[in-house]
Amino acid sequence: MPEVKRRTVNGLEIAFWHERCGRDGAPVVVCVHGWPETKLLYSRVVDPLVAAGFDVVVPDLRGFGDSGLAPDGFYDIVSHAGDIHALVHDG
């Protein structure tokens, strides 16, 4: 299983996996779970995606799995999307 990493985005700690294929400029695949799942849903697909040449990011959404609770109290799609965008683009 990939190593769990943590980053603070939008005021909360997001837990995620980030596995790299080792190729510069590789396309990034972001695997996002639904309710009530966690990043563990994707444990079997990370290695095959990396082997296929992708960098793979698999976050636990706010309030799920190893991620923190939302300080603003929002758990809607817009908030989740903002967290994922910040995780992928601001890190």
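In this predicted model, the side chains of aspartate 60 and lysine 39 form a salt bridge at 2.6 Å, N to O; the term denotes a side-chain nitrogen of Lys or Arg within 4 Å of a carboxyl oxygen of Asp or Glu. The two residues are 21 residues apart, aspartate 60 in the loop between β4 (55-59) and α2 (77-89) and lysine 39 in the loop between β3 and α1. Helices (H or I, at least four residues) and strands (E, at least two) are DSSP runs numbered from the N terminus. Both aspartate 60 and lysine 39 are buried, that is, under 20% relative accessible area, with exposed meaning over 50% and partly exposed in between (1.4 Å probe, protein chains only).

Lysine 39 also meets aspartate 66 in a salt bridge. Because aspartate 66 lies in the loop between β4 and α2 and lysine 39 in the loop between β3 and α1, this pair ties together parts 27 residues apart in sequence. The structure holds 5 salt bridges, including those tabulated here.

| Salt bridge | N to O distance |
|---|---|
| Aspartate 60 – lysine 39 | 2.6 Å |
| Aspartate 66 – lysine 39 | 2.8 Å |
| Arginine 62 – aspartate 72 | 2.8 Å |

Arginine 62 counts as buried at 2% relative accessibility, whereas aspartate 72, at 42%, is partly exposed. Shared partners join Lys39, Asp60 and Asp66 into one salt-bridge network.

Valine 32 lies in the loop between β3 (28-30) and α1 (46-51) and is partly exposed at 37% relative accessibility.

Residues are numbered from 1 along each chain as its sequence is written. As the model is predicted, local features need pLDDT of at least 70 and side-chain atom pairs count only at pLDDT 80 or more, while totals for chains, interfaces and linings use all residues; side-chain values use heavy atoms, with hydrogens and water left out.
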